[in-house]
Structures are given as structure tokens and as C-alpha cells.
Amino acid sequence: MNFQDSDIQDSGIKMQRQSRRLLVTGGAGFIGANFVHHWCHKYPEDRVVVLDALTYAGNRHTLLELEAQENFRFVQGDICDRTLVDNLLREESIDAIAHFAAESHVDRSILGPDAFIQTNLVGTFTLLEAFRQYYEQGGLKEGESQEGEIQGVFLHVSTDEVYGSLNPDDSAFTETTPYAPNSPYSASKAGSDHLVRAYYHTYSLPTIITNCSNNYGPYQFPEKLIPLMCINILMGKSLPVYGDGQNIRDWLYVLDHCRALDLVIHRGKPGMTYNIGGNNEVKNLDLVHLLCQLMDELAPDLPVSPAKELITFVKDRPGHDRRYAINSTKIQTELVWEPSVTVEEGLRQTVKWYLTHRDWWEPMLSQEYQAYYRQVYAVK
Ligand code: NAD
Ligand code: TYD
């Protein structure tokens, strides 16, 4: 498949842009790593510093090929460590923060919310305070460059889950939909969004928030629906579908998301929120069936075939949101972005990736993962 390169490049802006110095938090996680690969490939003249604590969800191997490059630096550390963040901003003369670091899995937030409050709220607050002080002490040049690029930006990557749950006939979430989070995860992200918004209004810090739908693609930790199902099919394990399987998610291919974030960093307006969706609403059960078909077609010698025989309905997740859907009109019209990958295409690519990257995911099925798995699926 030929994924479109960013509209920035398409519109010729790349030729005129100034080089940037980015701090990417959570760059060893799923979306952060895809973003870092996208950015380093496209803007090799930019400095990219990744700050990641390497929790269970972080994988440094994902970034190994970049670590050989002079313009790339990996720092293992916690976003709650204020001294470390202060030092990095100054040492590296950072002009943009792309903030991905988070505890990101709803089921884990139900089992133990503490880390979500710490990283998602305290961590985001720590970054904001450090960036504010750095900004106010002149670490950042204010204003815009001649091409309208923002000079300094704090991009906060958030989720559509902050808006709560939709009924089947409700219209999709817009940027003005009231917040109504239902899980400790989405509540912690909602709180962090509010802090980011407040730092723009109170301190004029150039912050931008993006709220996106469910991402999928390479390098996703196998606790999330799509990689979990792929790997369970390969191992002949049951495929746990929560409740009646009729919950709806909108699926955004991670590289489409990275293109959108690229545009937001270059052209987004400080103080704004942009919703980013995939235009791919699918019921969970339909998605799992699609995955089973793809695996039957692409994976030879499956332990159980057809794979759909593995589907098992399990107890529903507490507070399980029924439906998410995103209205992306704002980013589509103001920044000229749209998703390019259908869920059928994207799933095929993703299944192929997991089939050919066993060396990436197999080590992630650690004892910690097995313990988590037993805990979450035993209680369901
Ligand atoms: P992920 O769980 O795959 O990765 C999170 C990364 O953050 C990991 O590398 C982890 O080591 C790092 N991290 C965690 N705590 C840290 C800390 N205290 N200090 C430094 N690093 C820390 O998450 P993801 O799926 O890549 O999500 C990235 C961002 O996008 C998150 O903010 C998430 O809320 C948001 N988001 C994700 C999705 C999705 O479908 N995955 C959808 C909407 C929004
Ligand atoms: P998930 O990937 O955890 O993302 P989120 O909860 O952030 O939307 O789950 C996607 C959907 O799949 C969600 O409706 C819950 C459902 N699901 C299952 O049915 N079984 C599973 O084992 C998992 C992990 C998720």
C-alpha cells in the first residue's frame, strides 16, 4: 500500500520550513514510536529527543535503528522528574514538545488507577510547569516564522474517550462536545486536557490538544484489541469479546494519525483542540470476524481453523462505553487533512506486520503480561 506522505511535503512547505528541536515523551510506545519514525524519516535535519520511562508498554528496540543517527537521542526517564525535564529543555534548546507519554489502557486503569493519576495528571502537569518556566525565561522564541509555522508548541496527544459514550443515533464528537469520561483512564486524560487548556488561557503557553479515536498499526502492545486478537489466534487461545460485542469504535490507522500530528505541529493554532478520526466505525464483533478472516487467509497452519471458532463472549468491562465516533471536519478544513486508510486495508497491513515481526512482540508476552492477562480475563 502506498501511504500518502504528509501534506506539508505535498504542499512544498518542507522546502521553506525551519528545522525544529523536538522533545517527544512516550516515544518508545505505540503511537509515539510511529510518530518518531515518521518525523525522523521526513525531517532528518531536525533534532529529536525521546523521553520515555520504558514502562511495560515501552520498547526501546522499536527505536534501535534511529539511535545510530546523530540527530536522535533516547533518554530513559520519567516525565514526573522535574529536574530531568528542566535539564533536557535547556540542554537541547527544545522548541516543541510532542507529549505522548501516558498510561493508556482502560482495563489496567480499572485494575489499578494510581499510575494513571501519577503519569497522566502529575506527569502532564510537570511537563507544563517546566515548559512554562523555560518559555518565560526566554528559552523559546515567540511568534510565528514567515511561513506561518508556530515557533514553540506543546502538543498534547489525547483521546476521544474524554467525551464519554455515544448512543447509535447520536452525532459524532466535535471539539465542543462536553467532557464526560467514564473510566479512570479517560478521567485522567480529561484532567490532563483541562490542565493543558488552562496553561494556554492563564499563561499564554502555546499549547494544542488533539483528541483521536482508537489507533491501530505496527508496534502496538498486545493488550489492545487488535494485536491481542492476532496473537491469540496464532497461539490458538480464545478471543475474549466483551459483553455482546456490539460496542462501536472508530479505527484510525496510526500513520494517518502521525500525518495529522505533523500538520498540527506545523500549522495548528495555539489554544486549539483538533479531533482526529478514521471515518471507520466498526462493531467489535465485526472487527474480530474481519481479523479472523485475514488470519485464515494470511497465516499458514493456524492451531485452530477457521479462527472464528476461538471467539468467546466474556463478562463486559465495567463502565464500557458503547460507541465512539469522531467528527474531524475542523482538521479536515482548517489544516487540510483526511484519513487515507480504510479499516480493511489497514487491518491487512497490521496483520501482515504482526505475522512478520514475531521477534518484536514475543518478548513482550512477559511474566508481567501473563499475570495481567490472568487477572483481567479472570475477573471478566
Ligand atoms: P502506549 O501505552 O503504547 O505508550 C506509552 C508510552 O509512554 C510507553 O512507551 C511508556 O513507557 C511511556 N510512559 C509511560 N509512563 C511514563 C512516564 N511516567 N514517563 C515517561 N514515559 C512514560 O500508548 P499509546 O497507545 O502510544 O498512546 C500514546 C498517547 O496517545 C497516550 O497519551 C494516549 O492516551 C493517547 N491515545 C492513544 C490511543 C490509542 O488508540 N492507542 C487513542 C487515543 C489517544
Ligand atoms: P481497547 O483496544 O482496549 O481500546 P479502548 O478500550 O480504548 O477503546 O478495546 C477496543 C474495544 O474492544 C473496546 O470496546 C473493548 C473491546 N475489547 C474486547 O472486547 N476484548 C478485549 O480483550 C479487549 C482488549 C477489548
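In what order do the three strands of the open sheet run, and with what pairing? The order is E7-E9-E11, and the pairing is mixed. Strands here are DSSP runs of E with at least two residues, helices are runs of H or I with at least four, and both are numbered from the N terminus; two strands pair if DSSP finds at least two bridges between them.

A word on the ground rules. The model is predicted, so local features need pLDDT of at least 70 and side-chain atom pairs count only at pLDDT 80 or more, while totals for chains, interfaces and linings use all residues. Residues are numbered from 1 along each chain as its sequence is written, chains are lettered from A and ligands numbered from 1 in the order in which they are written, and side-chain values use heavy atoms, with hydrogens and water left out.

E7 and E9 (residues 248-253) run parallel and are joined by three bridges, with Asn214 standing opposite Trp251 of E9. Across E9 and E11 lies helix H11 (residues 284-298), at about 85° to E11. Such angles run from 0 to 180 degrees between N-to-C directions, the axes being lines fitted to C-alpha atoms, for helices over the stretch in contact; contact means heavy atoms within 4.5 Å.

E7 also turns up around ligand 1: along with helix H3 (30-42), strand E5 (153-159) and helix H8 (184-203), E7 supplies at least two residues of the shell. The largest share, three residues, comes from E5. In total, 28 residues surround the ligand, the closest being Ile31, Asp52, Ser104, Tyr185 and Lys189; a residue is near if one of its heavy atoms lies within 4 Å.

As for polar atoms, a polar side-chain atom of Ser104 lies 2.7 Å from an oxygen atom of ligand 1, and one of Tyr185 also lies 2.7 Å from a ligand oxygen atom. Ile79 brings a backbone N or O atom to 3.0 Å from a nitrogen atom of ligand 1. Taken alone the ligand exposes 830 Å², and the protein buries 97% of that, by the Shrake-Rupley method with a 1.4 Å probe.

Elsewhere, helix H7 (residues 114-136) carries Arg132. Setting aside neighbours within four places in sequence, Arg132 is in contact with Tyr199, Tyr203 and Leu205.

Definitions and conventions: Polar contact = N/O pair within 3.5 Å; in protein donor to acceptor, adjacent residues only side chain to side chain.
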